Amino acid sequence: MASHRRPKQPSRTRVTVLTTAAAAAVALSANAANAAPSEKPSKDEVKAKVDALYEQAEQATEKLNGAKEKQEKLQKEISTIQDNVARGQDDLNELRDSIGMAAAAQYRTGSIDSSLQLFLSSNPDDYLDKASTADQLSSQQVEALKKIQEKQRELAQDRAEATEKLHDLASTRTELAKQKKAVQGKLAEAQKLLNSLTAAEKAALAAADARASRSASERVDLGDAPASSARAQAAFNAAQTQLGKPYVYGATGTASYDCSGLTSWAYAQAGITIPRTSQAQANAGTRIYSMSDLKVGDLVIFYGDLHHVGLYAGNGQVIHAPRTGTVVRYESINNMPFQFGVRI
């Protein structure tokens with residue numbers, strides 16, 4: 001017999017919950033429809049963010065430069081050690097051959113020395129300690145065995161040092177890749193922000209950069225401040241020839257430069273080798289803490305972590321490679337947080 005039960009009605013509580021949820025959904029939809037779209041950042045706000053990203057990219061660039069410099073140094077050191085090991089192995093083989101020839105001569109006469117037999121059948125590292133019949137050896141043979149032991153110790157030390165440096169080189173290459181990725185990430189983020197600007201806004205920023213990059217004859221009075229030395233003057237003169245060259249991270253000239261690439265190149269033209277990175281250049285000479293004591297050609301270090309460097313040009317100006325998107329140019333020393341000068 002068919003059932004004629006009435007369908008179960010939803011409880012009052014369930015109806016209330018569903019009604020409240022539906023009302024909330026409608027309210028949210030209405031608010032979303034009526035909400036004003038988020039405001040697009042202004043040109044100045046974008047520029048401020050881009051400048052901050054460029055500064056972060058330069059910080060990573062100096063770390064990248066340091067890793068590159070360390071890698072090159074390690075590669076040279078490893079190559080030298082490996083050459084030493086190869087030469088040492090040749091010397092060791094010659095010493096062993098001389099002992100072997102002596103043993104062969106005795107063997108042909110049927111009177112091979114028992115001490116030579118022991119040497120040829122065991123590790124010469126501890127031969128002299130084990131042999132109780134060392135007095136049976138000639139002084140020449142004893143000297144040869146000592147040389148073999150000494151050469152083996154040297155080779156073991158060289159191989160251990162090479163192994164350690166190879167591990168260090170692997171770590172340095174990992175750091176190199178990490179910093180390169182960091183630089184590229186910051187630059188990509190900055191470019192994305194710039195791409196959000198209108199054509200007119202991009203043109204305005206480009207024009208501002210162009211005005212900042214004019215040469216000394218157009219806008220900069222360097223005064224007649226003396227150089228700290230003839231070589232400092234030569235370095236400064238060399239840097240002046242690079243005005244207008246673009247900034248490229250990791251570059252050391254002459255097509256492009258980063259900040260420490262320019263200063264290290266300039267001093268190289270004056271016959272002086274200084275370290276590659278701004279942090280290392282900060283320790284390359286005598287520190288000058290007062291701006292008023294700076295002379296032409298002194299290095300000028302900026303920012304608390306010392307990640308930027310230029311050359312003092314006189315009259316409160318520096319010549320430097322500022323950042324991505326700019327060129328080598330003069331700029332007021334007051335435009336960046338001055339830390340100290342360095343007199344090479």
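Reader: What makes residues count as lining the largest pocket, and which lie nearest its centre?

Author: On a 1 Å grid over the protein atoms alone, a pocket is an open set of points where a 1.4 Å probe fits, with protein on both sides within 12 Å along at least five of seven lines, and lining residues have an atom within 4 Å of a point. The largest pocket is lined by 21 residues, with Tyr303, Pro322, Arg323, Arg329 and Glu331 nearest its centre. Its volume, the space filled by probe spheres set on the points, is about 400 Å³. This is a predicted model, in which local features need pLDDT of at least 70 and side-chain atom pairs count only at pLDDT 80 or more, while totals for chains, interfaces and linings use all residues. Residues are numbered from 1 along each chain as its sequence is written, and side-chain values use heavy atoms, with hydrogens and water left out.

Reader: Which element gives the largest share of that lining?

Author: Helix α2 does, with six residues; helices here are DSSP runs of H or I with at least four residues, and strands are runs of E with at least two, numbered from the N terminus. The elements giving two or more residues are α2 (43-108), α6 (199-212) and β5 (329-332). The lining divides into eight nonpolar, four polar and nine charged residues, where Ala, Val, Leu, Ile, Met, Phe, Trp, Tyr, Cys and Pro count as nonpolar, Asp, Glu, Lys and Arg as charged, and the others, Gly among them, as polar.

Reader: Why are α8 and α9 called oblique to each other?

Author: Helix α8 (residues 230-240) and helix α9 (residues 259-269) pack at about 125 degrees, with their axes 7 Å apart. Angles under 35 degrees count as roughly parallel, over 145 as roughly antiparallel, 65 to 115 as roughly perpendicular and the rest as oblique; α8 and α9 are therefore oblique. Their contact, meaning heavy atoms within 4.5 Å, involves Arg231, Ala232, Ala235, Ala238 and Ala239 of α8 with Leu262, Trp265, Ala266, Tyr267 and Gln269 of α9.

Reader: Where does a cis peptide bond occur?

Author: The cis bond joins Gly253 and Thr254, with omega about -5 degrees. Thr254 lies in the loop between α8 and α9.

Technical notes. Axes are lines fitted to C-alpha atoms, for helices over the stretch in contact, and angles run from 0 to 180 degrees between N-to-C directions.
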